Amino acid sequence: MKKFDAYAWEKEELEKIKALPNKPSLLLHSCCAVCNSYPLEYLADFFDITLLYNNHNLYPEIEYDIRLHELNAYVDRFNQRSGQTVKIVPYDIKRDEYHETYLAKRADDKEGYGRCRMCYALRMNEAMRYASEHHFDYVSTVMTISRQKNSAFINDIARRLMPAYPDLKYFYSNFKKNKGIDRSVEIAKEEKMYQQQYCGCLYSYLDAKQKGKDVDHRTYPFDKG
Ligand code: SF4
């Protein structure tokens, strides 16, 4: 069977959207400012975008707060300079429940495999449910920009989950393409963004700490604006 080319699909879909009289609405699951940087720049002319910050996986609590703070600050600056009106919805956080019910049961999984696929699927499904309940036209996730995340896994999860949401369309993506990764690195530097040293959960935090990465945040300047 021919491999699905998400980037080709993406370009074709954007051409169709360009021909519409009005921008469709898009709910984008968002994990942090760095991963949003290029997708926002790329998609904002095509969609009326709302970001859903649903990241129960983030450990410790301050990591959740820092990433949300950075996302808010970046989106404010992005809206000001582009004239766009991107909004952010922080979803109800259920960190302990998420950890106990899901992550802790797959504690020994290697990063990028079983536990991570479950973690992508849970948060993507929440985004789909939210988008469907709030009558968005499209839903997607920024996670395909990450070097550590396999875009094909993510698109495949979307394909399996979407039949439960017949009124909604999934925007398949491979944001790594079109030099998306390079551009996100460039924007993160220009914007002096906080760049986390681990994916998010307790296990990725411990793993990064063991490798000597700086994962503690005691000096994060929340008032830097
Ligand atoms: S490493 Fe990242 S994707 Fe995998 S379970 Fe932890 S937070 Fe979720």
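Residues are numbered from 1 along each chain, as its sequence is written. Because the model is predicted, local features need pLDDT of at least 70 and side-chain atom pairs count only at pLDDT 80 or more, while totals for chains, interfaces and linings use all residues.

**Around the ligand**

Start with the ligand. The residues around it are N57, L103, E111, R115, C116, C119, C199, G200, C201, Y203 and S204. A residue is near a molecule or strand if its C-beta atom, placed from the backbone, lies within 6 Å of it. By class, this shell has 6 nonpolar, 3 polar and 2 charged residues. Ala, Val, Leu, Ile, Met, Phe, Trp, Tyr, Cys and Pro count as nonpolar; Asp, Glu, Lys and Arg count as charged; the others, Gly among them, count as polar.

Which helices each supply at least two residues of the shell? They are helix 5 (114-133) and helix 8 (202-210). Helix 5 gives the most, with 3 residues. Helices (H or I, at least four residues) and strands (E, at least two) are DSSP runs, numbered from the N terminus.

**The sheet**

Strands of a sheet pair through backbone hydrogen bonds, either parallel or antiparallel. Here, an open sheet of 5 strands runs in the order 3-2-1-4-5, with parallel pairing. Its edge strands are strand 3 (87-90) and strand 5 (169-170), and each pairs on one side only. Two strands pair if DSSP finds at least two bridges between them. Strand 1 (residues 25-29) and strand 2 (residues 48-53) pair in the parallel sense over 5 bridges. L26 has I49 in strand 2 as its bridge partner.

**Helix packing**

Two packed helices are described by the angle between their axes and the distance between the axes. Axes are lines fitted to C-alpha atoms, for helices over the stretch in contact, and angles run from 0 to 180 degrees between N-to-C directions.

| Helix pair | Angle | Axis distance |
|---|---|---|
| Helix 2 (residues 33-43) and helix 3 (residues 61-82) | about 25° | 9 Å apart |
| Helix 5 and helix 6 (residues 151-161) | about 50° | 10 Å apart |
| Helix 2 and helix 7 (residues 180-190) | roughly 120° | within 8 Å |

Take helix 2 and helix 3. They pack at an angle of about 25°, which makes helix 2 roughly parallel to helix 3. Angles under 35 degrees count as roughly parallel, over 145 as roughly antiparallel, 65 to 115 as roughly perpendicular and the rest as oblique. The crossing of helix 2 and helix 3 is right-handed. A crossing is left-handed if the near helix is turned anticlockwise from the far one by less than a right angle, and right-handed if clockwise. A33, N36, S37 and L40 of helix 2 meet E70, L71, Y74 and F78 of helix 3. Two residues are in contact if their C-beta atoms, placed from the backbone, lie within 7 Å. This contact of helix 2 with helix 3 holds 5 nonpolar, 2 polar and 1 charged residues.

Next come helix 5 and helix 6, with an angle of about 50°. That makes helix 5 oblique to helix 6. Their crossing is right-handed. R117, Y120, A121, M124, N125 and M128 of helix 5 touch F153, I154, I157, A158 and L161 of helix 6. By class, the contact has 9 nonpolar, 1 polar and 1 charged residues.

Helix 2 and helix 7 cross at roughly 120°, which makes helix 2 oblique to helix 7. This crossing is right-handed. V34, S37 and Y38 of helix 2 meet G180, R183, S184, I187 and A188 of helix 7.

**Backbone exceptions**

Most residues other than glycine have a negative phi, and most peptide bonds are trans. The peptide bond from Y59 to P60 is cis, with omega near -10°. P60 sits in the loop between strand 2 and helix 3. K179 is not a glycine, yet has a positive phi of about 60°. K179 lies in the loop between strand 5 and helix 7.
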